[in-house]
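Good morning, colleagues. Please take a moment to bring up the sequence and the structure, and I shall then go through a few of the details.

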Amino acid sequence: MIRPRLEFLSRDTVDRVIEEAYELLWNPGVRVHYDEGLKLLADAGATVDLESRVAKIPRGLVEKAVDTAPSSFYLHTVEGDPVVHYGGDDVHVDPGSAAIEIVDYNTNRWRTPVTKDCEDFVRLAEMLPQIDALATSIVCGDVPQGMIDWYRLYLLLLNGRKPIVTGTFSMESYPVMHEMLVAVSGSAQALAAKPRAVFDVCPSPPLLWSDITCKVLIDCARTGVPAELVSMPLMGATGPQTVIGSTVQHAAECLSGITIHQLAGPGSPIVWGGSPASFDMRTGTTPMGAMATMMLDCSYAQIGKSIKPGGLPTHAYLGMSDTKIVDAQTGLETASGLILGALAGVNMMSGPGMLDFESCFSLEKLAIDAEIVGMVKRLVRGVDDTEEPLALTVMREVGHAGNFLKSKHTRRNFRKEDYIPSEVIDRDFRQTWFDKGALDVNARAHRKVQELIAAWQPLSLPKDVAQELEAIATRHAKGAGLDKLPRRTIQ
Amino acid sequence: MSEELFKRMAQSVIDGDTDVAAAVAQEALNSGVDPLEAIYKGFSAGMDVVGALYATGEYFLPDLILGGEAMKAALAVLEPVLQAAGQHRKVLGKVVLGTVKGDIHEIGKALVGSMLSAGGFEVYDLGIDVESGEFVAKAREYNADIVALSALLTTTMQHQREVIEHLSEAGLRGRVKVIVGGCPVTQAWADQIGADGFAEDAAGAVVVSKKLMGT
């Protein structure tokens, strides 16, 4: 059996990309706006200019870091089951993260999300089997700015079983979020042994680590919490215009991150990930649905897999759309991304549910995207040729009469040979479709969203754990100027 | 004779060729062409063509930006001569532009700067992570008409409000208009903080700025 694959780059080109990435780290080097990051590099032998905050990193240092970074790791459920394998060509999906708007189905327009929206999102994402991990997708507008990052994680930990992809917005939030994760795992050691969450860390293109991002990178390394690099050159704007050129910049940024990270915590897990994009030269927007965007994602993923024997874990923002509401463009962009990324073997694709250049979330889109994910996971299972003979036995059994529906061969194989979608995907005869209300995919998805949210069963965390989470949240909310946490709809 | 030179000046901007623009500007000076005429009849005329081509979708951002760069190269040759003669070219207004404190996002602001320049404004780009007080100081120093503030993060947007407050305290609010932009910025936010203008994209920034200058 073959696992279908897609590769854009020859081995020779891969080597050229990696070579140029190493050279960039020496000339012009990378900017690091965080003293501790600069110090780690300087102490290890990099040439650091404290005035300009530029670090020129020698090749040997980078290669050593690539060597110590693990080729794979697992993320676990709340019960400690290793359900997400960041490694090889295993493909997983999580919802796109950090939406500051949510589509209100009733108005078909967007508004600021609140606590209830985040809770509905968790219920839905938990109930969609195609979605492998949760993400802190919803930025709640009913809490003060200073706590918008950790508050999302708080709601996810209270209500979700699945592994989590998250990130921070401020210098102070990592300790709060780590404290919460530790409360659920039992101890910092238990959390490190069975990671529940990864933290996205984004260098700023080109070749810059800001204080916030460098700090989280180091904090993750020291606590053994997996870090997910999210490098994002915008082709022709903040990175080279060519797909291959931005693949080089992406590699350089990731290699610089891996170096700092491994110096702080050798052997700590880290992901070769990103969210780059094409740059629309008419409007100045950054289309996630553009073909060049997706080709860049696949190309840099190939570099991550080729950087050493066994490769590194990979990630990309795919399964996104630039539309503002759910329509046909939404489907075509999302599906293209997920199909290409899956064929390229990206371990974690972040994107389902997300619209409008990574700023808006739609519960309906998440339900539709789950169907695309189902199809895509079927795709990468390939064509099963293990049965012997392939067809002779069943065809001779059925003979010229031709009724395969009666055959045991059919019953044995139909569930696995195709992906059977939910009612979100219409496969009815026309009259039946009409009798069911003549609904389009968005309306069918809305029904599904309501059904799944209603059917969700609350997570029963041990009482002391739930209380501790609430205590941590309450304490830090006070620090952010909020006396009482918003009322939860899930008790 | 001059007509041919003016044509070449315009063409250098249409082609986005900085070297040629500077060379033709110098050639014009050497030939005794009035620098103001060179700007209006030559280079600015070229910029108008670039703008028109962009509006119809035949030219794209890189064409617009390189046209602006060629214009700047020509001005670098011509403006010192103007100043020495006590003259200056007509601009639609002076804009102090920057990304607010704590924010390192550059590209949107750079686009706005390029388009305002191309649109006839004189732009002073203060860069990224700019202290609120610095916007005020530079607005005063350059006698700015507009302060344009970019913020890409919900956490740094607050500084846009801060700059407006500082401008009031400094007694400059009366004659300095403030426009705001960036991904999380909305009209509602602009209204809330008392900004004079908001636009969703760089082209919109030019429209709003022109309106504020009454042109």
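I begin in chain B, where B:Arg8 and B:Glu4 both belong to helix α1 (residues 2-14) and sit four residues apart, about one turn of the helix. Helices here are DSSP runs of H or I with at least four residues, strands are runs of E with at least two, and both are numbered from the N terminus. The side chains of B:Arg8 and B:Glu4 form a salt bridge, at 2.8 Å from N to O; the term requires a side-chain nitrogen of Lys or Arg within 4 Å of a carboxyl oxygen of Asp or Glu. B:Arg8 counts as partly exposed at 31% relative accessibility, and B:Glu4 is partly exposed at 42%. For these classes, buried means under 20% relative accessible area, exposed over 50%, and partly exposed in between, with a 1.4 Å probe and protein chains only.

Before I continue, a word on conventions. This is a predicted model, in which local features need pLDDT of at least 70 and side-chain atom pairs count only at pLDDT 80 or more, while totals for chains, interfaces and linings use all residues. Residues are numbered from 1 along each chain as its sequence is written, chains are lettered from A and ligands numbered from 1 in the order in which they are written, and side-chain values use heavy atoms, leaving out hydrogens and water.

Let me stay with the charged pairs. Side chains of opposite charge can pair when their charged atoms come close. In chain A, A:Lys39 forms a salt bridge with A:Asp43, their closest N and O atoms being 2.8 Å apart. Both lie in helix α2 (residues 35-43), again four residues apart, about one turn of the helix. A:Lys39 is exposed at 51% relative accessibility, and A:Asp43 is exposed at 59%. A further salt bridge joins A:Arg5 to A:Glu7, with 3.3 Å between the closest N and O atoms; A:Arg5 is partly exposed at 42% and A:Glu7 at 48%. Over all chains, the count comes to 35 salt bridges.

How many salt bridges are there between chain A and chain B? The count is zero.

In contact terms (heavy atoms within 4.5 Å), 14 residues of chain A meet 12 residues of chain B. The two chains bury about 1000 Å² between them, 74% of it on carbon and sulfur atoms; this is the accessible area, with a 1.4 Å probe, that two parts lose on being put together, summed over both. A:Gln145, A:Met281 and A:Arg282 supply 44% of the area that chain A buries against chain B, more than any other three residues.

Finally, I return to chain B as a whole. Chain B has nine helices and five strands, in the order α-α-α-α-β-α-β-α-β-α-β-α-β-α along the sequence. Its C-alpha atoms fill a box of roughly 55 × 40 × 30 Å along the principal axes. Of its 215 residues, 46% count as buried.
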